[in-house]
Amino acid sequence: MPSKPAISYQHVTKSFGLLKAVDDVSLDIAEGEFVAIVGGSGSGKTTLLRLANRLIEADSGTITVAGEDVRDVDPVALRRRIGYVFQAGGLFPHLSVAENIGITPRLLGAPSADIAMRVDELLDLVQLDRLAHRDRLPEALSGGQRQRVGVARALAAKPRIVLMDEPFGALDPLTRDALGEDFRDLHSKLGLTTVMITHDMMEAILLADRIAVMRDGRLLAQGTPAELSNSSEPYVLELLRTPRRQVERLNALLPTSGTA
């Protein structure tokens, strides 16, 4: 018997005034899957993400997390069991790295000694030196370091599901690439279910198992990159053409490596 999806959206709609931000969207995300939701600004992708942990409430339709209707779960309790990684880290500026990472376990009533151990464990996990970073404030960190702390904070309460809103968008290309690969490794190592919002189709193709494409609040297509390449939707094919063009231009501009 197939297991319940980690997250399921069934005919979900959300409007802000006259704008239908999410329009009758149905999407299942399997346990252990890494799904990227892509689309331009105003496509509804961030609204869809925030509906899952009730940062925003749906107007109609049903959303379940681990088989449970989110309307039946206290929103604060729901958010504490789902990791959330904000764009550019979203750290509390007046709290140290250790305090930022430990905030959810502290709110859940974990003992101080357990929180300290968990903070050290997570700093190791996201490849930040404990002694050098534990007591720093966010302003003393680079963009990549802040985002690593953001990932550590999202993982602090050992969630099974992690939501990521443009997590690497504000970073320079080298840091973005390295952090994306590191998180993909963490996703596999910890057995997470990850939903990532991105406007970068190349990033989606390289990191995700499956890609959902949104436009004007509607889910246009979903599937693996290979499946999307067979789509009949012109917008989906145009999104896929961009990374292909980038690769072609790179191949034309960069010399081929010589054989040993």
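**Ground rules.** The model is predicted, so I keep in mind that local features need pLDDT of at least 70 and side-chain atom pairs count only at pLDDT 80 or more, while totals for chains, interfaces and linings use all residues. Residues are numbered from 1 along each chain as its sequence is written, and side-chain values use heavy atoms, with hydrogens and water left out.

**Terms.** Helices (H or I, at least four residues) and strands (E, at least two) are DSSP runs, numbered from the N terminus. Two strands pair if DSSP finds at least two bridges between them.

I looked up the strand order and found 2-1-4-5, open, with antiparallel pairing. Strand 2 (19–29) and strand 5 (68–69) are the edges, each pairing on one side only. Seven bridges join strand 1 (residues 7–16) to strand 2. Y9 sits opposite L27 of strand 2.

I read the order as 6-7-8-3-9-10, open, with mixed pairing. Strand 6 and strand 10 (218–223) each have a single partner strand, so one side of each has no neighbour in the sheet.

**Strand 6.** Next I checked its pairing: four bridges join strand 6 to strand 7 (residues 161–165), and the two run parallel. I82 stands opposite I161, and the bridge partner of G83 is V162. Is strand 6 (residues 82–85) covered on one face or both? Both are covered: I82 and Y84 on one side, G83 and V85 on the other, are all buried (under 20% relative accessible area; exposed is over 50%, partly exposed in between; 1.4 Å probe, protein chains only).
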